[in-house]
Amino acid sequence: MTPAINLLKKNKIKFDIHKYDHDPANTDFGKEAVEKLNLDSNRVFKTLLTQLTPKELVVCVIPVSKMLSLKDVASTFSVKKAQMANKDEAQKVTGYLLGGISPLGQKKRLKTVIEKSAFDFETIYISGGKRGLDIELNPNDLKKLLSAKSEKISI
């Protein structure tokens with residue numbers, strides 16, 4: 001089990017696991033999950049890390065079908081600007097490999113914002129903590145567990 005799944009079990013959150021064979025040549029991890037699990041790309045969410053200051057990273061959870069708005073992220077956290085975190089730093093801070101970064105069970109708990117469109121669905125899909133593993137859960141459970149904000153952060 002991954003730290004993400006262990007955290008859900010520990011907190012008695014209802015979830016389902018969806019596995020697929022990850023193609024090591026594929027680096028578009030979210031799109032691969034959508035295609036291999038035959039899902040709506042608006043219901044599958046990717047986990048992105050952004051940097052607000054040299055010392056502060058935040059987690060952004062947005063649909064695979066969208067792009068992150070760094071301007072909206074900066075506004076959400078009341079800073080002048082946000083930028084994408086360095087991929088090596090993202091892996092180090094979360095304890096997960098790129099393409100398998102889950103918003104749950106990270107080594108260090110970071111502030112998190114979930115795209116508000118997640119709440120249009122009864123369940124959404126997020127990374128389960130490794131490539132080829134997605135977790136289906138209620139977005140309200142995810143928000144509560146992470147003490148996350150819910151804002152429009154994608155375009």
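Trainee: What volume does the largest pocket have?
Mentor: Happy to start there. Keep in mind that this is a predicted model. In this model, the largest pocket has a volume of about 530 Å³.

Trainee: Which element gives the most to the lining of the largest pocket?
Mentor: The lining of this pocket counts 28 residues, and F29, K46, T47, L48 and G99 lie nearest its centre. At least two lining residues come from each of α2 (29–37), β2, α4, β6 (124–130) and β7 (133–137). With 5 residues, the element that gives the most is β2.

Trainee: How many charged residues does the lining of the second largest pocket have?
Mentor: Good follow-up. By class, this lining has 5 nonpolar and 2 polar residues, and its charged residues number 6.

Trainee: Over what arc around the axis of α4 do its buried residues lie?
Mentor: Helix α4 (residues 87–94) has A90, V93 and T94 as its buried residues. They sit on the same side of α4, because the arc they cover around the axis is only 85 degrees. For α4, then, the value you want is 85 degrees.

Trainee: Which residue caps the N-terminal end of α4?
Mentor: Look at both ends of this helix. Just after α4, G95 takes a positive phi of about 85 degrees. At the N-terminal end, a side-chain oxygen lies 2.7 Å from the backbone nitrogen of D88, and the capping residue that supplies this oxygen is N86.

Trainee: Is T76 buried or exposed?
Mentor: T76 belongs to helix α3 (residues 70–76). Its side chain reaches the backbone oxygen of D72 at 2.8 Å, and beyond its neighbours within four places in sequence T76 is in contact with V113, K149, E151 and I153. Because its relative accessibility is 12%, T76 counts as buried.

Trainee: What distance separates the C-alpha atoms of D40 and S65?
Mentor: D40 lies in the loop between α2 and β2, and a polar atom of the D40 side chain is 2.8 Å from the backbone nitrogen of N42. At 38% relative accessibility, D40 counts as partly exposed. D40 and S65 are 25 residues apart along the chain, and their C-alpha atoms are separated by 8.8 Å.

Trainee: Why does K12 count as exposed?
Mentor: K12 is in the loop between α1 (3–10) and β1 (15–19). Its phi is near 55 degrees, a positive value in a residue other than glycine. K12 counts as exposed because its relative accessibility is 76%.

Trainee: What relative accessibility does S147 have?
Mentor: S147 is placed in the loop between α5 (139–146) and β8 (149–151). S147 is a residue other than glycine with a positive phi, near 50 degrees. S147 counts as exposed, with a relative accessibility of 60%.

Definitions and conventions: Residues numbered from 1 in each chain as written. Predicted model: local features only at pLDDT ≥ 70, side-chain atom pairs only at ≥ 80, totals over all residues. Heavy atoms only, no water. Helix = DSSP H or I, 4+ residues; strand = E, 2+ residues; numbered from the N terminus. Buried < 20%, exposed > 50% of the residue type's maximum accessible area, 1.4 Å probe, protein only. Polar contact = N/O pair within 3.5 Å; in protein donor to acceptor, adjacent residues only side chain to side chain. Contact = heavy atoms within 4.5 Å. Arc of directions from axis to C-beta. 1 Å grid on protein atoms, 1.4 Å probe; cavity = no way out; pocket = protein on both sides within 12 Å on 5 of 7 lines; lining within 4 Å. Points joined across faces, edges and corners; volume = space filled by probe spheres on them. Nonpolar A, V, L, I, M, F, W, Y, C, P; charged D, E, K, R; others polar.
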